[in-house]
Amino acid sequence: MFTKTAHLLRVAPRVQQATRLGHVVPAHWKPMRQICEENKSHMNCMPVPQGSWKEYHAAQNAKWNKQLAAAAVLFAVTYTWLWQSGCIYFHSAPPMFNGPKQ
């Protein structure tokens, strides 16, 4: 008689643990959707596009093209100023002699 009871007593904690840690969600847990909405990481929290994408990209490209043109003009002006002041040797080497030529 005790052998059957001892066997059941050994199995009982395992059965209880299996039902506690099984695939059953506890009553106090929140669903994943509610957690995502509270943390603002749900698709409902993303901004909704408005307006024409073509107009937006055209405006962005116009702004970037103006910046590119301004940078090219500034580069040309700076390079010309440095070349005329003698800081840059264009396709030639600087003088390689010490003192007057003989």
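**Helices, charged pairs and cysteines in a predicted model**

Just after helix 3, Gly86 adopts a positive phi of about 90°. Helices here are DSSP runs of H or I with at least four residues, strands are runs of E with at least two, and both are numbered from the N terminus. The structure is a predicted model, in which local features need pLDDT of at least 70 and side-chain atom pairs count only at pLDDT 80 or more, while totals for chains, interfaces and linings use all residues. Residues are numbered from 1 along each chain as its sequence is written, and side-chain values use heavy atoms, with hydrogens and water left out.

The chain contains three helices and zero strands, giving the pattern α-α-α along the sequence. The mean pLDDT (the predictor's confidence in each residue, from 0 to 100) is 81 for the chain, and 71% of the residues score at least 70. Confidence is lowest in helix 1 (residues 2–20), with a mean of 62, and highest in helix 3, with a mean of 96. Where pLDDT is low, predicted coordinates should not be read in detail.

Helix 3 comprises 33 residues and spans 48 Å from its first C-alpha to its last, close to the 48 Å expected at 1.5 Å a residue; the expected span is 1.5 Å times one less than the number of residues. At the start of helix 3, a side-chain oxygen of Ser52 comes within 3.3 Å of the backbone nitrogen of Lys54.

The loop between helix 2 and helix 3 (53–85) holds Lys40. Phi of Lys40 is near 60°, a positive value in a residue other than glycine. Most residues other than glycine have a negative phi. Lys40 counts as exposed, at 63% relative accessibility; the classes are buried (under 20% relative accessible area), exposed (over 50%) and partly exposed (in between), with a 1.4 Å probe and protein chains only.

Two salt bridges are found in a search of the whole structure, a salt bridge being a side-chain nitrogen of Lys or Arg within 4 Å of a carboxyl oxygen of Asp or Glu. One joins Lys30 to Glu38, with the closest N and O atoms 3.1 Å apart. Lys30 is partly exposed at 45% relative accessibility, and Glu38 is partly exposed at 44%. Arg33 also forms a salt bridge, with Glu37, where the closest N and O atoms are 3.2 Å apart. Arg33 and Glu37 both belong to helix 2 (residues 32–38) and are four residues apart, about one turn of the helix. An α-helix has 3.6 residues a turn, so residues three or four places apart point the same way. Arg33 is exposed, with a relative accessible area of 51%, whereas Glu37 is partly exposed, at 31%.

Zero disulfides are found in the whole structure, a disulfide being a pair of cysteine sulfur atoms within 2.5 Å. The sulfur of Cys36 lies 8.9 Å from the closest cysteine sulfur, that of Cys45, which is too far for a bond. Cys36 is buried, with a relative accessible area of 19%, and Cys45 is partly exposed at 36% relative accessibility.

Over the chain of 102 residues, 3% count as buried. The chain exposes about 10300 Å², of which carbon and sulfur atoms supply 65%; accessible areas come from the Shrake-Rupley method with a 1.4 Å probe, and for residues only the protein chains shown count as cover.

How values were computed: A polar contact is a pair of N or O atoms within 3.5 Å; within protein, one must be able to donate a hydrogen and the other to accept it, and residues adjacent in sequence count only if both atoms are side-chain atoms.
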